[in-house]
Amino acid sequence: MPKSARTRNLIILSSVGTVLVVLFIVVRLYAGRGVVQPIAYNHRVHIENAGMQCTDCHVHAKDMASATVPSLEVCQNCHSAEPVSKSPEELKVLKYVADKKEIPWIRIYEVPEHVYFSHRRHVIGGKLECEACHGNMNEQTQPVTTAFLPVTMENCMNCHRQRKVSNDCLACHR
Amino acid sequence: MPRWAMVIDLDKCTGCGACMAACKMENNVAIVDSKEAQAGRALFWMDMITTYEGEYPTVAAKRMPKPCFQCDNPPCTKVCPVRATYRNNEGLVAQIYHRCIGCRYCMAACPFTTKVFNWYEPQWLEGANKCFNPDVSVRAVGVVEKCSFCAHRLQHVKEVADLEKRPLQDGEYVPACSEICPADAISFGDLENKDSAVYKLSRSYRASRVMEDLGVEPKVYYLSKRVS
């Protein structure tokens, strides 16, 4: 192969590689930013102004495997006919309530299908605060688009190691 | 630490096959088409071995349900290159499907041929994919699977017992085959608990294990008065 052709190939290969690496970094940085929740839900307003607890909306965090994303029925308890605030986002909720349509929340925290995860076991048995995995929602004024603690085996196992709970594969995998 | 074990009473077993059916439903075991099944690729976690004795017209069928024997000294775990199968401290031989690379060394090592391989994309009866057991993952093509002693049930009962701050009771954790058996031929429990039914039955004069001379220490005991 003539030398010039080889250099040309090298340049093409390295530029493709660089583009791929940059793309990968951009994707990692912006992971989740593309998520647009149907309503710009403000956790802080609900916790501080309305004085609500996590389990008021995520009703099964203490007694079931899944904490559940609130259904329209839960929102309806407060937002039924008249708006309680001046927020334009609340009008969207009222529209969902009027149309009797569930709000299509996008789930951020999802445990893979081959893993058994129970909120009840962690919250009641393990005495974990919600903040340990979900961060301080008191300060969250924007809708949630990324996981505070990404659901990875590394994160699970680190916490299990620190708290001296079983790291046996069968404790979580199924 | 408990040591989970099973006792199958062959004198009680009628060979009805309810355990096989229950196991398939409980563990989302895929259905293989009949041609492939004939070629020995049927997937069974709980298999039924039938042998015939005598000449017509006096033929007797001997039926023997065969789950994974969950050996205390398992040969399969020693050959796994990725630790997808291992014996945990409760004596369960686990199979972690997402770690398995499908090399099938463990299948070759198992003297009891209890491990099965997913040769094809799993097939389901129409509508069956809507009623999977959510507690058990659906295996992908290219991984080895086997009876787990319904370990997902242990996860559940442990959680309940922990919340109620009490130890597990004998008979609280039972696999689907043992639960369904209409003849009560399959007992299940902890060998370390001297009050458990399994402990007593495993010491019966009728008890024996398959290929005991191999030294793999299976934890499935068979009870039979017949000398085979």
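By the rule used here, the structure holds 6 cavities of 30 Å³ or more. A cavity is a set of points on a 1 Å grid over the protein atoms alone where a 1.4 Å probe fits but cannot get out; the points are joined across faces, edges and corners, and the volume is the space filled by probe spheres set on them. This is a predicted model, in which local features need pLDDT of at least 70 and side-chain atom pairs count only at pLDDT 80 or more, while totals for chains, interfaces and linings use all residues. Residues are numbered from 1 along each chain as its sequence is written, chains are lettered from A and ligands numbered from 1 in the order in which they are written, and side-chain values use heavy atoms, with hydrogens and water left out.

Helices here are DSSP runs of H or I with at least four residues, strands are runs of E with at least two, and both are numbered from the N terminus.

Now for the interface. Here 15 residues of chain A are in contact (heavy atoms within 4.5 Å) with 21 residues of chain B. Arg121(A), Leu170(A) and Arg174(A) supply 41% of the area that chain A buries against chain B, more than any other three residues. Together the two chains bury about 1700 Å², 53% of it on carbon and sulfur atoms; buried area is the accessible area (1.4 Å probe) that two parts lose on being put together, summed over both.

Arg121(A) also pairs with Asp162(B) through their side chains in a salt bridge, at 2.4 Å from N to O. The term means a side-chain nitrogen of Lys or Arg within 4 Å of a carboxyl oxygen of Asp or Glu, and the count between the chains is 2. On the side of chain A that touches chain B, α6 (119–125) and α9 (169–172) each supply at least two residues.

Finally, two backbone details. The peptide bond from Tyr56(B) to Pro57(B) is cis, with omega near 5 degrees, and Pro57(B) sits in the loop between β2 (47–53) and β3 (60–66) of chain B.

Definitions and conventions:
On a 1 Å grid over the protein atoms alone, a cavity is a set of points where a 1.4 Å probe fits but cannot get out, and a pocket is an open set with protein on both sides within 12 Å along at least five of seven lines; lining residues have an atom within 4 Å of a point.
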